[in-house]
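Grab a pencil and have a go at each task before you read its solution.

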Amino acid sequence: MNLIDITKRDKVNILLFKLLLIVQYGFFLLIPIAQISRGLAYTPWASLLIVSVMWVNSLERTDELGILVYFFVLVNVCSFIYVVVHYGYIDKTAFIGVGYGLLALVYFPLRKISKQIDIMRVMAFINIMAVVIILIQVLYFNIFGSTLIHSFDPAKLQIRNGLRITYYDYIVLINIAISIGKIFEKKSFLNLLNLLLSIIYIFYVSQTRYIEVVAFIIIAIVGVMYVWKYLKNGYVTFLSVVIIFIILPISIIAIHTIYTALIQPIIDGSYINIGSYFARLGEIEFYRDALKNNLLFGLGNFSTSVGSMSWTTIHGPEGIFYTQDLGLFGDVVRLGIPMLLIFILFVVFLNKKAYRKFSNLTLKLIIYSSIGTISIFGNGFVLGLILALIVVDKNSRRNYSVEN
C-alpha cells in the first residue's frame, strides 16, 4: 500500500489543527487567569491567527463547498464594510463579527490534512480531555462553591442546575455527532467514551435546552435507523437490543419532557408567562420589520457595544433582543438575504450522492438545526469544521501517513 506523501506544510497544519482545538476549548480552562480563558472562548483572534496560517499553507484548487465557504466569507466582509459606512463609526463588535466569519476558512486546511490524518480521531481525543477537565472543575464548584483553578469567573456565569458553562456547546455537539455515527459503523471504545462524556457535558454543564434537543434528535434518529436496518434484514444484533430496551424508553421520556417544556406552553397559551418565549416572539416581530428596510445587508453583522447609539436599533426598544436566538432567520437579519441563499445551496450540495454516507447524517442534522433558535453560522469555525468533516468521509478509505 502506498502511503500518502506529506509535506512540511501539512505537518505544520496538523500541529496547528491540534493547537486550534485546544484554543477553542480555552486551554481546557487550565490557565489560572479568567480573562484569558474567557477571551479565548469568546473572541476569534487567537483561532483566526492559527486558521490564517493553516489556510495559507493549504492553498490549492477548491471544490463546490469551498466556493460556498468563500461566498460566506465575502458576505461577512461586505457586511463589515456596510456597518462602517451605514452607521458612520467602527464598533468593536463588528470586528468580532467579521473575525468569526473568516474562521470558516478552516475548511480548506482541514479538507487537505484529512488525507494524512484521521481528524475525527484527533477531535475525539482532545474532546475527551477537555470534557473531563471541565467536568472536574464544574463538579468541584457545585460541591464546594469555589473554583479549583481560578480560570473562570463564576459571577459572570449562570447558575441553573449547578454552574452552567456554554462556551463549548457546539464543538461538543459536533463530537456527539461524529461519535454516534462511528459507533454504529464499527466497535470503538474511543467513540463510545467520547459520546458518553459529551452527553454528560451537554446535560450537566451546558444545560442549554436547544442543544439538548438537537443532541437527543441526533442520537434518536441514528439509533432508530440502526435498529430498522437490521430488523428489516431479519436479524437482531446485541446493540439493537440495547437500543430497544435502553435508548428507546429514554427517548420516550425525553420526548415527553420536550413536549411539556417546549410545545405544550404554546398549545395552552402559558408561553406568555415564560420569558424565553416572550423574548423570541418579540424578536421575530421586531427583526421582521427591521429586515424589510434592507433585505440585502440586513442590520449588519455586529452586536454593538453597550450604551452605543445603535443599541436599540440592533437589540430592540428594551435592549433585550438578539439575532443569535433566531437561528437562520437571525442570520438573514444580520447578514441579509444572501445568507438564505447560502443555506439553501449548502443543503442542495450536501444532499448530493458524494455526501450521502450514513455517518454524515449526524453532521447534516446540526446544519438543519440552524433553522431553529441557535445557528452555526454565527461562528465560522463551526461551519468550516462541519463541512470539512463531511468531506472527510470521501477520504476515509485512504491510508494515513501520520499517526495521531
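Residues are numbered from 1 along each chain as its sequence is written, and side-chain values use heavy atoms, with hydrogens and water left out. Because the model is predicted, local features need pLDDT of at least 70 and side-chain atom pairs count only at pLDDT 80 or more, while totals for chains, interfaces and linings use all residues.

**Exercise 1. Get the overview: how many helices and strands are in the chain?**

Step 1: Helices (H or I, at least four residues) and strands (E, at least two) are DSSP runs, numbered from the N terminus. The chain has 17 helices and two strands.

Step 2: Now look at burial, where buried means under 20% relative accessible area, exposed over 50% and partly exposed in between (1.4 Å probe, protein chains only). Of the 404 residues, 50% are buried.

Step 3: For contacts, look for heavy atoms within 4.5 Å. Among the contacts with a separation of 6 or more, 78% join residues 24 or more positions apart.

**Exercise 2. Find what Gly-316 touches, and work out why it counts as buried.**

Step 1: Go to the loop between helix H13 (311-315) and helix H14 (327-335); Gly-316 is there.

Step 2: Gly-316 counts as buried because its relative accessibility is 0%.

Step 3: Skip residues up to four places away in sequence, and Gly-316 touches Phe-286, Trp-311 and Phe-321. The C-alpha atoms of Gly-316 and Phe-286 are 6.8 Å apart, although the two are 30 residues apart in sequence.

**Exercise 3. Compare two residues with positive phi: are Phe-27 and Gln-207 buried or partly exposed?**

Step 1: Phe-27 has phi near 55°, a positive value in a residue other than glycine. Gln-207 also has phi near 55°.

Step 2: Phe-27 lies in the loop between helix H1 (8-24) and helix H2 (34-42), and Gln-207 is in the loop between helix H9 (189-206) and helix H10 (209-231).

Step 3: Check the areas: Phe-27 is partly exposed at 32%, whereas Gln-207 is buried at 3%.

**Exercise 4. Sort out the aromatic pairs: how many are there in the whole structure?**

Step 1: Rings of Phe, Tyr and Trp (its six-membered ring) pair if their centres lie within 6.5 Å; planes under 30 degrees apart count as stacked, over 60 as edge-to-face and the rest as tilted. The search finds 16 aromatic pairs.

Step 2: Tyr-82 and Phe-297 have ring centres 4.7 Å apart and planes at 5°, so this pair is stacked. The pair links distant parts of the chain, with Tyr-82 in helix H4 (residues 64-87) and Phe-297 in the loop between H12 and H13, 215 residues apart. Tyr-82 is buried at 12%, but Phe-297 is partly exposed at 27%.

Step 3: Now try Tyr-107 and Phe-108: their centres are 5.3 Å apart and their planes at 80°, so the pair is edge-to-face. Tyr-107 is buried at 0%, and Phe-108 is buried at 4%.
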